[in-house]
Amino acid sequence: QDCTKLEMEQLYEYDTFEDTGKGSPVPSGFKRIRTHLVYAVKHDGRHKARMVADGHLTDVPLDSVYSGVVSLRGLRLVLFLAELNNFNTYATDIGNAYLEADTKEKVCIIAGKEFGTLEGHLLIIRKALYGLRTSGLRWHDKFSDCLRDLGFTPSKAEPDIWMRLNKDHNIYEYVAVYVDDLAIAMKDCDSFISTLKDKYKFKLK
């Protein structure tokens, strides 16, 4: 019950749904799907609930919709460069990453009991909810735009390793991205982390 309550509060915090009211018709061009809750017990004993959309009920896109990921070889190279250049290395992941991005899919649901007072209301999904077909790509695009805004460019050898020239030291610093997990190699990791939190309001673990 506690983890369900926490998940629902986070969905509301991110404005994941747009309430159109009880008994509202499905808007033109939208498709009604379902959502369900997935439960897990984490390795440290925490109970986790996740609201997941039944994205299989939507049409299969013609283009790739996946989020790119750094390879194991690429991660090893980043760590090697960090050691070679006396960088600090941080690992972190971005909480509720998909909900940071907007969805372009036109889908809606009828709220179930877990929505409390909104039960029975027609809700339009506005965020890249887990389970939607394009959510991985939407998040990847969102975070890529943030990195470009901070002066990073993707490596030509591996596009999910992002590079930025540190002009003070005349050396490149790196961020390796695996969906919502980051490996950071730079002189001042704390400053980069603070920027992600303060400027972009990401919740980092």
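I began with Leu-204, which counts as buried because its relative accessibility is 17%. My cut-offs: buried is under 20% relative accessible area, exposed is over 50%, and partly exposed lies in between, with a 1.4 Å probe and protein chains only.

I noted the ground rules next. The model is predicted, so local features need pLDDT of at least 70 and side-chain atom pairs count only at pLDDT 80 or more, while totals for chains, interfaces and linings use all residues. Residues are numbered from 1 along each chain as its sequence is written, and side-chain values use heavy atoms, with hydrogens and water left out.

I then placed Leu-204: the residue sits in the segment after α4 (189–198). Helices (H or I, at least four residues) and strands (E, at least two) are DSSP runs, numbered from the N terminus.

I listed the contacts of Leu-204, leaving aside neighbours within four places in sequence. They are Thr-92, Asp-93, Ile-94, Ile-193, Leu-196 and Lys-197. Contact means heavy atoms within 4.5 Å. I also looked up Asp-181: its C-alpha is 9.6 Å from that of Leu-204, at 23 residues apart in sequence.

I moved on to the strands. Two strands pair if DSSP finds at least two bridges between them. I found β8 (residues 153–154) antiparallel to β9 (residues 161–166), over 2 bridges. Thr-153 has Met-163 in β9 as its bridge partner. The two strands form a hairpin with 6 residues between them.

I followed β9 to β10 (residues 171–178): they run antiparallel, joined by 6 bridges. Ile-161 stands opposite Ala-176 in β10. This hairpin of β9 and β10 has 4 residues between its strands, and Asn-170 in the turn shows a positive phi of about 55°.
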